[in-house]
Amino acid sequence: MNGPFLPEMMTDPFGRTISYLRVSVTDRCDLRCFYCMSEDMTFLPKADLLTLEELDRLCSAFIAKGVRKLRLTGGEPLVRRNVMLLVRSLSRHLSTGDLDELTLTTNGSQLARFADELAACGVRRINVSLDTLDPAKFRAITRWGDLDKVLAGIEAARAAGLKVKINAVALKNMNEDEIPSLIQWAHGKDMDLTLIEVMPMGEIGEGRIDQYVPLSLLRARLATQYTLTDLDESTGGPARYVRVAETGGKLGFITPMTHNFCESCNRVRITCTGTIHTCLGHEDASDLRKPLRASPDNDLLNATIDRAIGLKPKGHDFIIDRRHNRPSVSRHMSVTGG
């Protein structure tokens with residue numbers, strides 16, 4: 001029996017092997033989290049988005065070039081019409097052994113509907129973005145979200161056998177005092193929790209200085225209540241993990257503002273319009289939609305991908321512009337893919 005095809009790996013100018021692809025399937029979302037979007041967001045015309053067939057071909061091209069982990073993101077990926085056709089199609093790469101993991105990041109609002117099907121497609125774990133367990137705070141953060149719907153979605157995912165990791169953005173004067181209860185809740189359900197600093201991406205109609213709290217400060221506070229032991233492990237993303245002795249669970253910290261996490265970056269992002277960004281914190285961009293549509297074979301596409309990987313910067317330079325209160329990067333996270 002033939003084993004998995006062994007492709008020539010993609011390597012950037014700094015010797016990092018690119019094996020992790022994050023793909024936004026839509027910029028749309030059914031929530032309007034105030035640190036991510038403005039309330040009156042203008043979304044891209046649907047004609048600008050790659051079709052599901054084009055997304056499949058693009059992802060498959062990257063898998064043929066050595067990507068082993070594929071994460072679908074948005075916006076909210078599960079609001080993309082017929083998105084499960086894409087998930088089901090991409091799962092063939094799990095069956096062949098050419099892909100190690102197919103996963104997604106979601107706000108949980110649609111999980112009750114799709115959890116069983118995701119599990120049937122070979123998805124084994126998912127990330128759910130959830131910043132609070134307080135219904136009033138949840139509505140304030142998301143502007144119109146229903147916490148009960150998300151919690152039901154998380155339970156449906158767990159019941160389907162999916163391993164759930166919770167991602168929570170630390171928000172000054174909003175949820176920072178709630179972090180211990182989030183830890184207790186998540187670890188009590190055998191879910192890891194990762195805390196994330198606010199990222200300065202896209203105009204959202206209010207200042208991020210008012211939202212930003214350094215995770216170094218939160219970690220110091222948590223250390224007075226919990227025994228935190230650093231773990232020398234990674235899930236392929238930018239988080240640094242500790243073990244919380246009192247709960248037995250894992251707690252991650254993603255700190256783009258206070259600690260540059262770029263030295264081992266193995267990932268690139270593709271937007272729902274087919275633009276590749278090799279760094280979240282740079283305005284770099286290469287158009288893959290044009291070569292994708294220019295030819296039925298992948299020669300032109302592969303050449304464009306190789307050029308983009310060859311321009312991947314060493315690291316990002318996120319700052320919060322306190323003088324002008326501007327984002328470091330003009331595009332929204334919902335377009336880039338979370």
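This is a predicted model: local features need pLDDT of at least 70, side-chain atom pairs count only at pLDDT 80 or more; totals for chains, interfaces and linings use all residues.

Colleague: What share of the residues in the chain count as buried?

Modeller: The chain contains 11 helices and 14 strands. A residue is counted as buried when its relative accessible area is under 20%. Of the 338 residues of the chain, the share that counts as buried is 57%.

Colleague: Which residues of helix H10 are exposed?

Modeller: Helix H10 spans residues 299-309, and its buried residues are Leu301, Thr304, Ile305, Ala308 and Ile309. These cover an arc of only 135° around the axis, which puts them on the same side of H10. On the other side of H10, the exposed residues are Asp299 and Arg307.

Colleague: Where is the cis peptide bond, and what is its omega near?

Modeller: Most peptide bonds are trans. Gly75 lies in the loop that runs between strand E4 (69-73) and helix H2 (83-90). The bond from Gly74 to Gly75 is cis, and its omega is near 15°.

Colleague: Is Asn173, with its positive phi, buried or exposed?

Modeller: Most residues other than glycine have a negative phi. Asn173 is not a glycine, yet its phi is positive, at about 60°, and its place is in the loop between strand E7 (163-169) and helix H7 (179-188). Because exposed means a relative accessible area over 50%, and Asn173 has 68%, this residue is exposed.

Conventions
Residues are numbered from 1 along each chain as its sequence is written. Side-chain values use heavy atoms; hydrogens and water are left out. Buried means under 20% relative accessible area, exposed over 50%, partly exposed in between (1.4 Å probe, protein chains only). Helices (H or I, at least four residues) and strands (E, at least two) are DSSP runs, numbered from the N terminus. The arc is that of the directions from the helix axis to the C-beta atoms.
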